[in-house]
Amino acid sequence: MSALHLLGRLFAILFGYCLAIVAASLFLTFYVPGWAPVEWISQHWAMGPDFFVYGYRTSPDMAETIDRVARVTMGLMSASAVGAMAFVPAGLCIVASEALRLRSAIFHVLAGGGISLALLAVTFMPASGPARFPDDWNLFLAAGFIGGVVYWLIAGRGAGIVGPSVPPDQA
């Protein structure tokens, strides 16, 4: 295996992880109620000469535009928090898929869902009493599935950089 091939795989892994996190965060921002305070933003802020003006009432069309801009902005900003929380479990899954040459889409989708449920369990763990998932836990699971699919499309299909390379005459 050449150093250039290894560098390309590492770039694909990093790029795939980043895009998977962004896709999952955007899904959470658009479909999970209360994930981002976009309702408050669209009710109290409006686009003006200084981009946003506080306390300005908008038309329904402008409110919808502000809502979309706010959701995309909050989704991109929350991607850093989601990526930081998912870094260790996702890293373990990435190392396992590369070491074991697991290229299956099902593995990556289930790994994304498992990571999202693990993060949900850790995030909503109360100090005392039984742990309880929020009512929309299935949307968090779907965000993990989306992240797994995006990662598989970019980097997971080519997993398997670890292992001895076989010369072409011995294959």
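Guide: In this predicted model, the axes of helix 1 and helix 5 (residues 137-154) come within 8 Å and cross at roughly 150°. Two packed helices are described by the angle between their axes and the distance between the axes. Angles over 145 degrees count as roughly antiparallel, and helix 1 is therefore roughly antiparallel to helix 5. The crossing of helix 1 with helix 5 is right-handed.

The residues that meet can be listed for each side. Helix 1 contributes A12, I13, F15, G16, Y17, L19, A20, A23, A24, F27, L28 and Y31. Helix 5 contributes L139, F140, A142, A143, I146, G147, V150, Y151 and I154.

A24, which has its place in helix 1, is buried, because its relative accessible area of 11% is under the 20% cut-off. The C-alpha atom of A24 is 8.2 Å from that of F145, although the two residues are 121 residues apart in sequence.

Y17, F27 and Y31 also belong to the helix 1 side of this contact, and each of them takes part in an aromatic pair. A search of the whole structure finds three such pairs. In one of them, the ring centres of Y17 and F87 are 6.2 Å apart and the planes stand at 75°, so the pair is edge-to-face. Y17 lies in helix 1 (residues 3-31), whereas F87 lies in helix 3 (residues 60-99), so this pair ties together parts that are 70 residues apart in sequence.

Some details lie outside the list of meeting residues. The charged end of R157 sits over the ring of W152, at 5.7 Å from the centre of that ring. V88 is found in helix 3 and counts as exposed, at 57% relative accessibility. The C-alpha atoms of V88 and I115 are separated by 9.7 Å, and these residues are 27 residues apart along the chain. In the loop between helix 3 and helix 4 (105-123) one finds R101, which has a positive phi of about 55° although it is not a glycine. R101 counts as partly exposed, at 39% relative accessibility.

The protein chain has five helices and two strands, and from the N terminus on its elements run α-α-β-β-α-α-α. Of its 171 residues, 33% are buried. Among contacts between residues at least 6 apart in sequence, 72% join residues at least 24 apart.

Methods: Residues are numbered from 1 along each chain as its sequence is written. This is a predicted model: local features need pLDDT of at least 70, side-chain atom pairs count only at pLDDT 80 or more; totals for chains, interfaces and linings use all residues. Side-chain values use heavy atoms; hydrogens and water are left out. Rings of Phe, Tyr and Trp (its six-membered ring) pair if their centres lie within 6.5 Å; planes under 30 degrees apart count as stacked, over 60 as edge-to-face and the rest as tilted. Helices (H or I, at least four residues) and strands (E, at least two) are DSSP runs, numbered from the N terminus. A charge sits over a ring if NZ of Lys or CZ of Arg is within 6 Å of the ring centre and within 35 degrees of the ring normal. Buried means under 20% relative accessible area, exposed over 50%, partly exposed in between (1.4 Å probe, protein chains only). Axes are lines fitted to C-alpha atoms, for helices over the stretch in contact, and angles run from 0 to 180 degrees between N-to-C directions. Angles under 35 degrees count as roughly parallel, over 145 as roughly antiparallel, 65 to 115 as roughly perpendicular and the rest as oblique. A crossing is left-handed if the near helix is turned anticlockwise from the far one by less than a right angle, and right-handed if clockwise. Contact means heavy atoms within 4.5 Å.
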